[in-house]
Amino acid sequence: MENLHIPAFAPEILFHIGPIAITNTIVNVWIAILIFLVLGLFIKRNIKNKPGKLQNACEYIVELLLPYFDQVTGDRKKTIKFLPVVGSIFFFVLLSNWLGLLPGTGSIKLGHSFLLRPANSDLNLTLAMALVAVLSSHIYGFIAVGVFAHIGKFIQIKGIIKSLTKGPIAIFTAIVEFGVGILEIISEIAKVVSLSLRLFGNIFAGEVLITVIATLVAFAVPTPFMMLELLVGLIQASVFAMLTLVYLTVAVQEPHGTEH
Amino acid sequence: MSVNNNENTIEETTEVHEAVASDGGIAASLGLNAQLFVFQLINFAIVAGIVWFMILKPLVKKMEERKKQIDESIDNAKRVETNLAESERQYQLKIDEAKVEANKIIELSHEEGKKLGKMLKDKAHNDIELLVMQAKKNIEIDKQEMKEEIKKETVELIVLAMEKILGERLPENIDQKFIKKILEEKK
C-alpha cells in the first residue's frame, strides 16, 4: 500500500524542449500522432478502388460510423462536411483512450514520473478539443447562415426593435427572447466546460481506478476493469463526437422565424 | 532535447504544484496551464490534419467514387437489360412479321404455280390440238396426193392393158380422153 500512486490532476512534466514542458500526456498524444501518421501514409499511398485488407478495414469502420452521424445531421452531405472535425475528434479520442490501457501506462517511469499517461486525463487537451468543437460550430454557423444571422441567435436586439411597434406583449416577448439569447451565450461556455470535464473526468477516474486496483491486486483482477475502460473509451469518444456533431448541426440551422 | 534526472523532475513537479498553489484557482488545481493548453491545441490540430487529410478524406473520396461507379454500373446494367428486352421484343416482332410474310409468299407462289400449271396445261392442250389438226391436214394432203397418184397409175395401167388388148396404140390425146371418160363414168 506504501507504493500506491494516485495520479494528480495535472500531468507530470518529463522534460523540456526549450521553454516548452513536455508532459507524459503529450508523449501519449505523440504516440497517437505517430500511429495516425503511419496509417495515413499507408492509406494515402496504397489507396485503390479495389481495397486491400487495411483499406477495407478502415472503410468498414468509416461506413459503420457514417450512418450514426447521418442520424444526427439527417443528411450525408452535412455529415461529410462536418467529418473533418467530428471524425478527427472521434478517432483521436478513441485511440488516445485505448492507448492509455497499453501495458506500460502508469508503470514505466522516467525519473520519478510515469512516462505514459492517458492523453485525455489531461484537462488541457480535453479543453483544447472542446474549444475547437464549439468554435468550429460557430465558424460553420457563420458560413451557413451568415455572420449577423448567427450572432443574432445570441444577441436578439433586432427582435426588441421590431417589437416596439407591436405593443407591450410583443415587447415583453422580445425581452424574454433577448434574455434567452444571453442564456445561449452562457450555454456555449457550458458546452466547452461540460465536454472537456466529462471526458477528462471519465478517463482520469478510469486511470485512478485501474491504478488503485492494479496496486491492490496486480494479476487478473484489473482485467475486467480494463475491459470496462475499453468500453468507456469507446463511449466517451462517441459521446464527445456526437455532441460536437449536434452542436455543428444546430449551428448551421437558420434562426427561428427567418423561414417565415 | 534534454531528459532531466530524478531531482530535476521532482523540482519541476514541485514547480507545477507551487504554481497551482500560488494561483489557487479551480482551473489550476485541475492541472490547467496556458502553455500546455496551447501545446495540446497544436497537437490536436496536427492530429486533426493528419486524420482528415491523410485518412478520412482519401477514404471518403474513394468510397464516393466507388459508390458512383457502382451506381453507374447498376444503371448501365438496367439499361442493358431494358435494351436486351427491347431487342428480344423487336426480334420476336420481326420473326412474326417474317413468318406472316413467308406464309404470304408461299401462298402467292402456290397460286402462281397453280396458275402457271393451268396455263401450261392449256397451252399444251392447244398445241396438241394444233398438232392433231396439222397431222390431219397432212394426212388429207397425203391422201389426196395418193389418190392422184393412184389415179395416174391406174390410167397408165389401163392404157397399158388396152394396148395389150387392142394390140395397137391409140394416139396420145384420144387415149387420155377415153380413159378420163371411163374414169368419170366409174365415179
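Student: How many residues of chain B are in contact with chain A?

Tutor: In this predicted model, 40 residues of chain B are in contact with 46 residues of chain A.

Student: And which elements of chain B each supply at least two residues of the side that touches chain A?

Tutor: They are β1 (2-3), α1 (6-23) and α3 (34-166) of chain B.

Student: Which of them gives the most?

Tutor: That is α3(B), with 23 residues on the side of chain B that touches chain A.

Student: How do the residues of that side divide into nonpolar, polar and charged?

Tutor: On the side of chain B that touches chain A, 25 residues are nonpolar, 12 are polar and 3 are charged.

Student: What does the secondary structure of chain B come to overall?

Tutor: Chain B has 4 helices and 1 strand. Along the sequence, the pattern of chain B reads β-α-α-α-α.

Student: How much of chain B counts as buried?

Tutor: The figure is 11% of the 187 residues of chain B.

Student: Turning to chain A, where does UniProt list "transmembrane region"?

Tutor: The unreviewed UniProt entry lists residues 20-43, 82-103, 123-148, 169-187, 199-221 and 228-250 of chain A under that name.

Student: What is the make-up of residues 20-43 of chain A, helix or strand?

Tutor: Residues 20-43 of chain A are 83% helix and 17% strand. The end C-alpha atoms of residues 20-43 are 32 Å apart.

Student: And what about residues 228-250 of chain A?

Tutor: Residues 228-250 of chain A are 100% helix and 0% strand, and their end C-alpha atoms lie 32 Å apart.

How values were computed
Residues numbered from 1 in each chain as written. Chains lettered and ligands numbered in written order. Predicted model: local features only at pLDDT ≥ 70, side-chain atom pairs only at ≥ 80, totals over all residues. UniProt positions renumbered as here; feature names shortened; annotations may be inferred. Contact = placed C-beta atoms within 7 Å. Nonpolar A, V, L, I, M, F, W, Y, C, P; charged D, E, K, R; others polar. Buried ≥ 20, exposed ≤ 12 C-beta atoms within 10 Å, placed from the backbone.
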